[in-house]
Amino acid sequence: MRKVGILTSGGDCQGLNSAIRGVAKALYHTLGDSVEIWGIADGFRGLIEGEYKRMRPEDFSGILTLGGTILGTSRQPFKLMRVIDETGVDKVEAMKKTYRKMGLDALVILGGNGTQKTANLLSGEGLNVVSLPKTIDNDVFGTEVTFGYHSAVEIATGVLDCLHTTATSHGRVFIVEIMGNKAGWLTLSAGLAGGADAILIPEIPYDPRRVREMLEERARRGKEFSILAVAEGAISREESELSKKELKARRAADPAPSAAYRLMREINADSKYEMRVTVPGHFQRGGAPCAYDRVLTTRFGAAAAELVCTEQYGRMVALQSEKITSVLLSETAGRARHVPLDAGEVQAARAIGLCLGD
Ligand code: F6P
């Protein structure tokens, strides 16, 4: 009998359930009655606290299109993993103990960057770990794409499409703040797909004067409305020259709650423009996965099951050159994938004259 545990960790996204389904169906298909799948509750929390349950094949039916995660999730910061908490719990030892108590042969972990670090830690501690890359941020190193990303691009694009009509009617400037943490992938793709007039991403510090010049140029051409797609992690050129500590102190003292509001203040000091801010927030992580993510998660799930069946542990499934492969957790953990300045999307944005703030 092969016993496989499965958990989802970190912020949720579309496609978690379809990935869980892919792993489970492929395991049952290959191993039949000789596999038992155990669902661990709320990510690493369930592994630490010993909360898990035996899953049945029917648990994985009808979940292809379901948003969220049937297993639950939680954020367990990697930097605290080795810190003994106030109740005296050694989290790493507790996870190893649960793994042994459950009698697991393998543990399948679905998560983003932080999760991959903990997956690597557990692998280093001798657990048989296989992981899958999920996040709307698309910033996991070692894979060209993470699941959740394309679904979130669809949602953020839909937001920009809807705002276009109302922005045009009123001749307003809309600033739309798009998620993505410190990476600009989501903003860049949604900005291109949604026809934004400016796209500001963390990888390209912006000068508010450039954005303003773009607005003025559009007004000269009779375009009174504009759509600015701004990554939540966008940073001005001035801020990019500060040390981490200085930036933190400045942000703490700033009454503006987030990037979009800072930008509004920076470019509209004289209130010349009628501006509105829209922050779709977690809306971007919810609902059914798009068709691309359903296919990707099925492929990732099948690949993860194969790694388990062939006992290739310490690896994360990945997409490279459009082919499914896997990478060592030790190579991906602790590294994020940012938008390179020569990315095709950046080049295309420049080629069509979009303002990138620089
Ligand atoms: O990593 C996914 C993500 O949605 C980021 O884009 C965002 O910065 C963060 O999670 C929000 O985290 P939380 O769900 O903890 O508010």
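**Pockets and ligand**

Reply: Start with the largest pocket: domain 1 (2–148 + 289–332) and domain 2 (152–284) both give residues to its lining, so it lies between them. The domain bounds come from an automatic or database domain assignment. This is a predicted model: local features need pLDDT of at least 70, side-chain atom pairs count only at pLDDT 80 or more, and totals for chains, interfaces and linings use all residues. Residues are numbered from 1 along each chain as its sequence is written, and side-chain values use heavy atoms, leaving out hydrogens and water.

Me: How much space lies in the largest pocket?

Reply: About 1400 Å³. A pocket here is an open set of points on a 1 Å grid over the protein atoms alone, where a 1.4 Å probe fits, with protein on both sides within 12 Å along at least five of seven lines. Grid points are joined across faces, edges and corners, and the volume is the space filled by probe spheres set on the points.

Me: Which residues lie nearest its centre?

Reply: Asn-113, Asp-137, Asp-139, Asn-181 and Lys-182, out of 45 lining residues. Lining means an atom within 4 Å of a point.

Me: Which polar side-chain atoms lie by a ligand oxygen?

Reply: One in Asp-137, at 2.7 Å. For Glu-232 the distance is 2.5 Å, and for His-282 it is 3.0 Å. Polar contacts are pairs of N or O atoms within 3.5 Å.

Me: How much of the ligand is buried?

Reply: The protein buries 71% of the 390 Å² that the ligand exposes alone. Areas are Shrake-Rupley, with a 1.4 Å probe.

Me: What volume has the second largest pocket?

Reply: About 150 Å³. Its lining includes Glu-144, Tyr-292 and Arg-299.

Definitions and conventions:
A polar contact is a pair of N or O atoms within 3.5 Å; within protein, one must be able to donate a hydrogen and the other to accept it, and residues adjacent in sequence count only if both atoms are side-chain atoms.
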